[in-house]
Amino acid sequence: MSRAHIPRRVRVAGHDLRVELVATPRGDHDERLDGSMELARNLIQLDKALEDSQRLETLLHEAFHAVCRIYDLELREGEERVVQCFANAVFQLLRDNKRLVASIQGA
Ligand SMILES: [Zn+2]
């Protein structure tokens, strides 16, 4: 079965972030993660072992972390929950509303 295409770059608020598939993304405390984001390096890393839907949602999750950094949202301990809610909701919104996506792309 072919896997979903994962873009090698995503543009987030004007910044082009590289997307890498790696064996084990690591967090600030060397903990194992599904994905990680380093804005200073314009880099998102995703666990290549994740299933397609999980990889794509994790990509959105990390992109929303970048949004938090870029706009200095300072959500602190609430950031993880906000980012995960938006990642899940936007993943479903985009997947379930192809006409909306086409309309936005054509605007
Ligand atoms: Zn996170």
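Let's start in the middle of things: the largest nonpolar core has 13 residues, and Ile-44, Leu-59, Leu-60, Ala-63, Phe-64 and Ala-66 touch the most other members. A nonpolar core here is a set of buried Ala, Val, Leu, Ile, Met, Phe, Trp, Tyr and Cys residues joined through C-beta atoms within 7 Å. A residue is called buried if 20 or more other C-beta atoms lie within 10 Å of its own, exposed if 12 or fewer do, and partly exposed in between, with C-beta atoms placed from the backbone. Strand 4, helix 1 and helix 2 each supply at least two residues of this core, and the largest share, six residues, comes from helix 1. There is a general background to this: in soluble globular proteins, nonpolar side chains tend to be buried together.

Before going on, a word about what you are looking at. This is a predicted model, in which local features need pLDDT of at least 70 and side-chain atom pairs count only at pLDDT 80 or more, while totals for chains, interfaces and linings use all residues. Residues are numbered from 1 along each chain as its sequence is written.

Now step back to the whole protein chain. It contains three helices and four strands, arranged along the sequence in the pattern β-β-β-β-α-α-α. Helices (H or I, at least four residues) and strands (E, at least two) are DSSP runs, numbered from the N terminus. Is the chain compact or extended? With 107 residues, a compact globule would have a radius of gyration near 13 Å, and the 14 Å of the protein chain agrees with that. This radius is taken over C-alpha atoms, and the globule rule is 2.2 Å times the number of residues to the power 0.38. Along its principal axes, the C-alpha trace spans about 40 × 35 × 25 Å. Of the 107 residues, 21% count as buried.

Two strands pair if DSSP finds at least two bridges between them. Strand 1 and strand 2 pair in the antiparallel sense over four bridges, and Val-10 stands opposite Leu-17 in strand 2. Strand 2 and strand 4 pair in the parallel sense over five bridges, with Glu-20 opposite Gln-45 in strand 4. Strand 3 and strand 4 are antiparallel over four bridges, and here Ser-36 stands opposite Gln-45. Strand 3 and strand 4 also form a hairpin with four residues between them, and Asn-42 in the turn has a positive phi of about 50 degrees.

What lies against this sheet? Let's turn to helix 1, residues 52-70. Helix 1 has 19 residues and reaches 27 Å from its first C-alpha to its last, close to the 27 Å expected at 1.5 Å a residue. The expected span is 1.5 Å times one less than the number of residues. The buried residues of helix 1 include Leu-56, Leu-59, Leu-60, Ala-63 and Phe-64. Their cover includes strand 1 (9-12), strand 2 (15-22), strand 3 (35-38), strand 4 (43-47) and helix 2 (79-96). Leu-60 gives a close-up: not counting residues up to four places away in sequence, Leu-60 touches Ala-87, Val-90 and Phe-91. Two residues are in contact if their C-beta atoms, placed from the backbone, lie within 7 Å. Just after helix 1, Asp-72 takes a positive phi of about 50 degrees.

His-15 is found in strand 2 and is partly exposed, because 13 other C-beta atoms lie within 10 Å. Leaving aside neighbours within four places in sequence, His-15 is in contact with Asn-42, Ala-66 and Ile-70. Val-82 sits in helix 2 and counts as partly exposed, because it has 14 C-beta neighbours inside 10 Å. Val-82 and Cys-68 are 14 residues apart in sequence and 9.9 Å apart in space, C-alpha to C-alpha.
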